[in-house]
Amino acid sequence: MILRGKVTQEQALLKIKHYCAYQERSHKEVMGKLYDLGLFKKEAELLVAQLIEEGYLNEERFAIQFAGGRFRIKQWGKKKIEQALKEKQVSSYCIKKALAQIDEEPYRQTLQKLATVKWTQLKGEKNIFIKKRKLQDYLLQKGYEYELVKAEVSGKE
C-alpha cells in the first residue's frame, strides 16, 4: 500500500526503526518523521505503538538521556531542561524522573564553576551591583533555580 506516493508502511517502519535505533527520540520527533515520510495520523500512531512494544521508543528512557546530556554537555540547569522536555511533549512523570537522575553534588559544582568563569569574564565591570546582576541573569538563563543562583551570587565579592 503506497501512502501519499512516498513510502509503504513497511518501508516507513524500517526507516523509523533505524531513526530510533540511532539515538533516543521523543514521541513528538518520531511522529514528525513519520509525517515527513508521508504517513497519515492513524498509520503513524500504529507504527509508534509498534515501536513502543518492540522497545525502539521509550519516553522515560528518552527523558533521562536528554536531561543527562543537556546537563553534562551544555551545562543546563533543571529549569531549562524541564522546559525543553515540555516542548518535546514529554509527560510530567518522565520529566520528574529524568530530573531526579541528576546528582545534586555535580549539579552544584557545575553551577559554581559556571559562576566563577562568568565572574572572571565580567572583570571589566566596575559596578559590583551590575556585575552581580549580569552573573545572576546568566545563571538564570542557563536554567538554574533562583534560590541556588541567589546563594551563589551573594557569595561573590
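**Entry 1: α1 and α3**

The model is a predicted one, so I am reading computed values throughout. Helix α1 covers residues 9-22 and helix α3 covers residues 41-53. They pack at an angle of about 50 degrees. Their axes lie 11 Å apart. I also noted the handedness: α1 passes α3 in a right-handed crossing.

Which residues of α1 meet α3? I listed Gln9, Ala12, Leu13, Ile16, Lys17 and Cys20 on the α1 side. On the α3 side I found Glu43, Leu47, Gln50 and Leu51. I then sorted the residues of this contact by class: six are nonpolar, two are polar and two are charged.

**Entry 2: α1 and α2**

Next I stayed with α1 and turned to helix α2, residues 27-36. This pair packs at an angle of about 150 degrees. The axes of α1 and α2 are 11 Å apart. Their crossing is right-handed. From α1, the contact uses Ile16, Tyr19 and Cys20. From α2, it uses Glu29, Val30, Lys33 and Leu34. By class I get five nonpolar residues, two charged and no polar ones.

I went back over my two lists for α1. Ile16 and Cys20 meet α3, and Ile16 and Cys20 also take part in the contact with α2.

**Entry 3: α8 and α9**

I moved on to helix α8 (residues 128-141) and helix α9 (residues 146-154). At what angle do their axes cross? I read roughly 150 degrees, with the axes coming within 10 Å. An angle over 145 degrees counts as roughly antiparallel. So α8 and α9 are roughly antiparallel to each other. Here too I wrote down a right-handed crossing.

In α8, the residues that touch α9 are Lys132, Leu135, Gln136, Leu139 and Leu140. In α9, their partners are Tyr146, Val149, Glu152, Val153 and Ser154. The class count for α8 with α9 is six nonpolar, two polar and two charged.

**Entry 4: Ile95**

Is Ile95 buried or exposed? Buried means under 20% relative accessible area. Ile95 has 4% relative accessibility, so it counts as buried.

I then asked what Ile95 touches, leaving out residues up to four places away in sequence. I found Glu82, Leu85, Lys86 and Val90. I also checked Ile95 against Lys78. The two are 17 residues apart in sequence. In space, their C-alpha atoms are 9.9 Å apart.

**Entry 5: the whole chain**

Last, I stepped back to the whole protein. I counted nine helices and two strands. From the N terminus, the order is β-β-α-α-α-α-α-α-α-α-α. The radius of gyration is 21 Å, well over the 15 Å that the globule rule gives for 157 residues, so the protein is more spread out than a compact globule. The C-alpha atoms fill a box of roughly 70 × 30 × 20 Å along the principal axes.

How much of the protein is buried? I noted 43% of the 157 residues. I ended with contacts between residues at least 6 apart in sequence. Of these, 61% join residues at least 24 apart.

How values were computed:
Residues are numbered from 1 along each chain as its sequence is written. This is a predicted model: local features need pLDDT of at least 70, side-chain atom pairs count only at pLDDT 80 or more; totals for chains, interfaces and linings use all residues. Side-chain values use heavy atoms; hydrogens and water are left out. Axes are lines fitted to C-alpha atoms, for helices over the stretch in contact, and angles run from 0 to 180 degrees between N-to-C directions. Helices (H or I, at least four residues) and strands (E, at least two) are DSSP runs, numbered from the N terminus. A crossing is left-handed if the near helix is turned anticlockwise from the far one by less than a right angle, and right-handed if clockwise. Contact means heavy atoms within 4.5 Å. Ala, Val, Leu, Ile, Met, Phe, Trp, Tyr, Cys and Pro count as nonpolar, Asp, Glu, Lys and Arg as charged, and the others, Gly among them, as polar. The radius of gyration is taken over C-alpha atoms; the globule rule is 2.2 Å times the number of residues to the power 0.38. Buried means under 20% relative accessible area, exposed over 50%, partly exposed in between (1.4 Å probe, protein chains only). Angles under 35 degrees count as roughly parallel, over 145 as roughly antiparallel, 65 to 115 as roughly perpendicular and the rest as oblique.
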